[in-house]
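Me: I've got a model open and would like to go through the labels attached to it. Can you take me from each value to the rule behind it?

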Amino acid sequence: MELVSLRNVGFTYAYGDKPALTDISLTIEPGLLYGVVGLNASGKSTLCSVIRGIIPHFHHGELTGEVRIMGKDLLDWDPAELSKSIGYVFQNPFTQISGVKETVFEEIALGLENLGIEREEMIERVTVVVRELGLEALIRKNPNELSGGQRQKVAFASIIAMDADFIIIDEPTSQLDPDASEAVFGIIRQLKERGKSIILVEHKIDLMAEYADRIIVMKGGQVVMEGPARDVLVSDGLGDAGVPYPEVTELAFALARAGKPLSSVPITRAEAAQLVSDRIKEAPHAHSAL
Amino acid sequence: MKHKKGFSALMRSYGRLTIFMIPIGIATNFIGGQIAILLKLPMYLDSIGTILVGALCGGLPGALVGTISNLINSITSPTLAPYATLSILFGFLAGWLSKHGVFKSLWKTLLASIPFALIGSILGGLITIWVFGGLGGSGGALIVGALVAAGMDLNAAVFTAAIPMDFLDKIPTVLVVFLILKRIPTRLFVKLPLGYVYLNKAKTTSTTSAVNPVDDEDDELALG
Amino acid sequence: MGSSTVHELDQDFINSFRSPATAGNRIRDLNPISFAIIMLSCSVTAIALPGPAGPAAICLLFAVLSVAAGLAKTFLPLYGKLFAVVGLILFVLRAAFLPGNHILWTVGPISISAEGIIQGLNFSLVVMAVCGAVTFFFAVTPMKNLMLALEQRGVTPRATYIILASFQAITDLGKNTKVVMDAQKSRGIETEGGMVRRTTAFLPILAPVFLAAMSQTEERALALDARAFNSRNRHSHLVSLRPVSSAEIIVVCAVALGAVLSIVGAVFIWN
């Protein structure tokens, strides 16, 4: 069964001048990582809000079309149930710390307390997440005094501890330095390996190429493309939406323009390295081939 | 707060943001007072959060902001606790005035300083008389003492000392409230219980920032 | 992940959640509700007992208890300050202005009477005893324990959230105020000089701090919702408080009885 299906969905925020989403039809299958790309204000976050039920339960406005989440119409969902079924990690590390807990360990347990989980199970689950995300050194620290990167890890840990099968991650690294971003992507990789269904909004297209199974391209409130990452990231549609190509894909395009195309167009560094090394080997005069 | 369901349901009926505005209102009361001290201003300016939340979310949330602020202060200065009554009234008054559009116009806002200052000085004075026999435990009591020493009746001295102090405090207070309300973006007004009061005006001058609230969040206001 | 430095998991800390929270001191380990009743009873007793000795004894009791609780270092300076400022003003003004027949001495319009001194002493000591009960209660009881105790008594987590989040908001907004203040100073906004000038500096400092905090409420609401804050399940608690012992109940009842007896005394015997 599909996880989410949208049919001709449109949304206009209350007091908005024009629709934030227009005529979106989309199906999200379980167990995959969907990357959402597009320029600022192209509707990425709004789309996430619809899928998570924040629209129309929290952001008011005019929602048209049909949204089904796990087979049930969005409007029939109890918002509190929805927040248990779909995890959500945001971009701002500072607003995701509750501000009411004095240690990271207690902070991570907050969601479990709200779910009414028994103490022993709670300790167990928090401990497991702390180990998985390598937060051992932080558990006694005050979450309100951590750096942005540390807070974002704690935010992930808090959501992962709640163990939803479907997690929406909205620009988790936009306010982090490269090291912290790397760590966050490590966490996302772990989630993917565990078979979670993930929707990830992210500007860093090279990282997207590494991890996404499928890519959704948005422009002006519409989904202009949706398909396997391999197809989308080398397509004209991506460029038309104003989204940059992965570095190695650009390189392959440049080679093609120079009349020396690679045998296929790579989207990740590993592929590119392989293709280039193949080219070097097969070329009769290695020094002149490239 | 004993009636669990009651409080939860009540907070829900105020929309989901009100519960998050209350701590901010409380903190605003505190930092307002601290900035006034840092700038060496001869006024308290410690009820701005109460009035702002009252104006944005309604009288009851405003009263809660005032009460909790006062109780937190009372932890270290317990003699302030009886004056929580004032904060409660400030909150309710702010909600009522806001509902009637008072904070949308500058001159009405300035007039609103009169009821605030009168509540502050007259009810405040009455509390001083009832609880502390007219001679409270704050610096203001020294002024009262000086007036009595100069031959004034004790009760008259309490009010004579309080009324000018309160006007000096409440005029800048409501002015700051007015100016801050003018700077609140549409996307936030939409979700606050009394936001509709301010939106009629805002809608005609509607800016593009209202188009897409969520994608727009990384604006210049995003402080750490 | 964590390949650079591997940290040992602090098992002692994790295990500490498996048993009730303790501060390692009998007074501080009292249930917050029990302790609140004890402090309330002490206040009532101080008001009812004949002054100035009665309320003075209660004030002294708090000082002794703070030593027993190992909190003398934090509580006594605070309490001393209350005495030195509030208590002294309350006393001096009464001593100076309350009328009486036994005038001790007269300075200009002020005539100090024996009655004024006694009344001033009585009143200020009663106020100090009540103040002592409040400040000692909060010196002993961490706010989060009080909130936990209230939640166990059925107070909604929404209410306790508001209180705890307020303290954090005061810290956070205070930090932001410093940042904004420095920024505005470097932009040339005068924070020194004449009164009018200093007053006009107020808004450019407060407004950005308030508006920034306000613009984050939306995300805070959503982030907390993602942590099942709005779930209607019965909430559980990672931290537990010590169960109330029968000895504790006896102490609470004894102190409360003392308060009742002192009221009876005030009505029928010494007033």
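Me: Which elements does chain C have, and what makes a run count as one?
Reply: Helices (H or I, at least four residues) and strands (E, at least two) are DSSP runs, numbered from the N terminus. On that basis chain C has 11 helices and 2 strands, in the order α-α-α-α-β-β-α-α-α-α-α-α-α from the N terminus.

Me: How many residues of chain C are called buried?
Reply: Buried takes 20 or more other C-beta atoms within 10 Å of the residue's own, exposed means 12 or fewer, and partly exposed is in between, with C-beta atoms placed from the backbone. By that count, 40% of the 271 residues of chain C are buried.

Me: Where are the domains of chain C, and what separates their centres?
Reply: Domain bounds come from an automatic or database domain assignment. For chain C that gives domain 1 (14-149 + 242-270) and domain 2 (156-226), with 35 Å between their centres over C-alpha atoms.

Me: And which domains does chain A have?
Reply: The assignment gives domain 1 (4-245) and domain 2 (246-285), whose centres are 33 Å apart over C-alpha atoms. Contact means C-beta atoms, placed from the backbone, within 7 Å; here it takes 9 residues from domain 1 of chain A and 7 residues from domain 2 of chain A. On the domain 1 side, helix H8 (205-211) and helix H9 (229-232) of chain A each supply at least two residues, and H8(A) has the largest share, 4 residues.

Me: How many residues of chain B touch chain C?
Reply: 50 residues of chain B are in contact with 51 residues of chain C. H2(B) gives the largest share of the chain B side, 13 residues. That side divides into 36 nonpolar, 9 polar and 5 charged residues, where Ala, Val, Leu, Ile, Met, Phe, Trp, Tyr, Cys and Pro count as nonpolar, Asp, Glu, Lys and Arg as charged, and the others, Gly among them, as polar.

Me: What makes a set of residues a nonpolar core?
Reply: They're buried Ala, Val, Leu, Ile, Met, Phe, Trp, Tyr and Cys residues joined through C-beta atoms within 7 Å. The largest core has 175 residues, and those with the most contacts inside it are Ala157(A), Leu200(A), Val217(A) and Val177(B). H2(B) gives the largest share of this core, 11 residues. Leaving aside neighbours within four places in sequence, Ala157(A) is in contact with Ile108(A), Val129(A), Val130(A), Leu133(A) and Leu135(A). A second, separate core of 50 residues includes Cys42(C), Phe75(C), Ile89(C) and Ala129(C).

Me: Why is Asp23(A) called partly exposed?
Reply: Because Asp23(A) has 15 C-beta neighbours inside 10 Å, it counts as partly exposed. Asp23(A) is in strand E2 (residues 21-28) of chain A and has a positive phi of about 45° although it is not a glycine.

Me: Why does Lys40(B) count as exposed?
Reply: Lys40(B) has 10 C-beta neighbours inside 10 Å, so it counts as exposed. Its place is in the loop between H2 and helix H3 (48-57) of chain B, and its phi is positive too, near 55°.

Me: What makes such backbone angles worth a look?
Reply: Most residues other than glycine have a negative phi, and most peptide bonds are trans. Another case is the cis peptide bond joining Ile55(A) and Pro56(A), with omega about 5°; Pro56(A) lies in helix H2 (residues 54-57) of chain A.

Me: Where does pLDDT stay under 50 in chain B?
Reply: Over residues 201-224 of chain B, on a scale that gives the predictor's confidence in each residue from 0 to 100. Chain B averages 84, and 82% of its residues score at least 70. Where pLDDT is low, the predicted coordinates should not be read in detail.

Definitions and conventions
Residues are numbered from 1 along each chain as its sequence is written. Chains are lettered from A and ligands numbered from 1 in the order in which they are written. This is a predicted model: local features need pLDDT of at least 70, side-chain atom pairs count only at pLDDT 80 or more; totals for chains, interfaces and linings use all residues. Two residues are in contact if their C-beta atoms, placed from the backbone, lie within 7 Å.
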